[in-house]
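Student: I have a structure open and would like to go through it with you. Could we start with the backbone and then move on to the packing?

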Amino acid sequence: MELRQLYYFMEVAKREHVTAAATSLHVAQSAVSRQIANLESELGVQLFIREGRNVKLTQVGHIFMDHAETAITEIERARQAVYEFLNPDTGTIRIGFPNSLAAKTLPTVISAFRKEHPSVGFQLRQGSVQDLTDAVSKGEIDIAFVSPVPKNRTDVDGHIFFTEKLLALLPISHPLADYPMLRLGQLKNEPFVLFRSGYALHQLVTSACQQVGFKPRIAFEGEDIDTIKGLVAAGLGVSLLPEITLSEQLPGETVKIELSEPNVTRTVGVIIPKGRELAPSERKFFEFLTHFYEVLNRFGQ
């Protein structure tokens, strides 16, 4: 089995069309067809079936693809590791992050790191905590900022950098907008604007509401901090958002208020793979983050 066969196989599987795969690979269609046929002959199974001009993976083709993806990912990581061993101050770090850390946390640390290591590049991927944790586990990304930091995963190591409060965000015209502090129970009859189900912040807010005896009435769900802020500013509901997302860019028609009961917090940190060594550039970035937040916590964020 040749590595070239795996690359050809993956491209055909992705595009479901031999000609399109050949065009993407910059090779002749006959070369792709021949290598796929050789691969099927060696395996003794049919990997594709034809559907008109397109092709589809067979059941065993799907099984083979799962393993082929893992093999190619590891081969690419091996190439990158060798290159970075020879060139430790270069490389590309694949980093994931949730929307709630996109505006301030991520740009701040990357900017500080690039001042010391200007030749290191970044590939950024945004997603939910669950998506990012799975991506780190599978080797699709190297490091992910997450909040909250998972505790019970056996495939990743979590490192907490700091803990922050969630604050209430209300329209400035709201009857409670002038209060210096609020109890969460005071918002039990309000419509809520939250991240959609499946996001960690959704679960955190709904759990806090249930803790004080009510189920939040969700009027709107979204996937973007600025959209949620905008809906609150328009008077369409209230929300609970992390303090770091409200330290800047607070819409003029809203007010943030600290909660006295309960004290709703979340952990913020990163996850790295367990049982897989980080490449030199990745290790440098992780060590930089650890030192960066140690200093920040020592002198106050």
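Student: Where is Pro 148 placed?

Tutor: In this predicted model, Pro 148 sits in the loop between β5 and β6.

Student: And what is the peptide bond from Ser 147 to Pro 148, cis or trans?

Tutor: That bond is cis, with omega near -5°. Most peptide bonds are trans.

Student: Which residues does the other cis bond, the one with omega about -10°, join?

Tutor: Glu 261 and Pro 262 are joined by a cis peptide bond with omega about -10°. Pro 262 belongs to the loop between β11 (254-261) and β12.

Student: Staying with the backbone, what is phi of Glu 16, positive or negative?

Tutor: Phi of Glu 16 is positive, near 55°, in a residue other than glycine. Most residues other than glycine have a negative phi. Glu 16 lies in the loop between α1 and α2 (18-25), and is partly exposed, with a relative accessible area of 28%.

Student: What about phi of His 26?

Tutor: His 26 is also a residue other than glycine, and its phi is a positive value near 60°. His 26 is found in the loop between α2 and α3. With a relative accessible area of 73%, His 26 counts as exposed.

Student: Which residue follows α6?

Tutor: Gly 139 follows α6, and its phi is positive, near 85°.

Student: Since we are at α6, which of its residues are buried?

Tutor: Helix α6 covers residues 129-138, and Val 129, Leu 132, Thr 133, Ala 135 and Val 136 are buried there. They span an arc of only 160° around the axis, so they are on the same side of α6.

Student: Why would residues three or four places apart point the same way?

Tutor: An α-helix has 3.6 residues a turn, so residues with that spacing point the same way.

Student: What covers the buried residues of α6?

Tutor: The cover includes the strands β3 (92-97), β4 (121-126), β5 (143-146), β6 (156-171) and β12 (265-273), together with α7 (200-211).

Student: What does Leu 169 touch, not counting residues up to four places away in sequence?

Tutor: With those left out, Leu 169 touches Lys 229, Val 232, Val 238, Ser 239, Leu 241, Leu 246, Leu 250, Thr 254, Val 255 and Lys 256. As for spacing, Leu 169 and Ile 228 are 59 residues apart along the chain, and their C-alpha atoms are separated by 9.8 Å.

Student: Now a change of topic. Which residues does UniProt list for "domain: HTH lysR-type"?

Tutor: The UniProt record, an unreviewed entry, lists residues 1-58 under that name. In the model, residues 1-58 are 62% helix and 14% strand, and the end C-alpha atoms of the span lie 19 Å apart.

Student: How do the axes of α1 and α3 cross?

Tutor: The axes of helix α1 (residues 3-15) and helix α3 (residues 29-43) come within 9 Å and cross at roughly 110°. That angle makes α1 roughly perpendicular to α3.

Student: Which residues meet in the contact of α1 with α3?

Tutor: From α1 there are Arg 4, Gln 5, Tyr 8, Phe 9 and Val 12; from α3 there are Ala 31, Val 32, Gln 35, Ile 36, Asn 38, Leu 39 and Glu 42. The residues of this contact divide into 7 nonpolar, 3 polar and 2 charged.

Student: Is Val 12 buried or exposed?

Tutor: Val 12, in helix α1, is buried, with a relative accessible area of 1%. Not counting residues up to four places away in sequence, Val 12 touches His 17, Val 18, Ala 21, Val 32, Phe 48 and Val 55. Val 12 and Gly 235 are 50 Å apart in space, C-alpha to C-alpha, and 223 residues apart in sequence.

Student: What is Arg 196 in contact with, leaving aside its neighbours within four places in sequence?

Tutor: Its contacts are then His 202, Glu 221, Gly 222 and Glu 223. Arg 196 and Phe 220 are 24 residues apart in sequence, and 8.3 Å apart in space, C-alpha to C-alpha.

Key:
Residues numbered from 1 in each chain as written. Predicted model: local features only at pLDDT ≥ 70, side-chain atom pairs only at ≥ 80, totals over all residues. Heavy atoms only, no water. UniProt positions renumbered as here; feature names shortened; annotations may be inferred. Helix = DSSP H or I, 4+ residues; strand = E, 2+ residues; numbered from the N terminus. Axes fitted to C-alpha atoms, helices over the stretch in contact; angles between N-to-C directions. Parallel < 35°, antiparallel > 145°, perpendicular 65-115°, else oblique. Contact = heavy atoms within 4.5 Å. Nonpolar A, V, L, I, M, F, W, Y, C, P; charged D, E, K, R; others polar. Buried < 20%, exposed > 50% of the residue type's maximum accessible area, 1.4 Å probe, protein only. Arc of directions from axis to C-beta.
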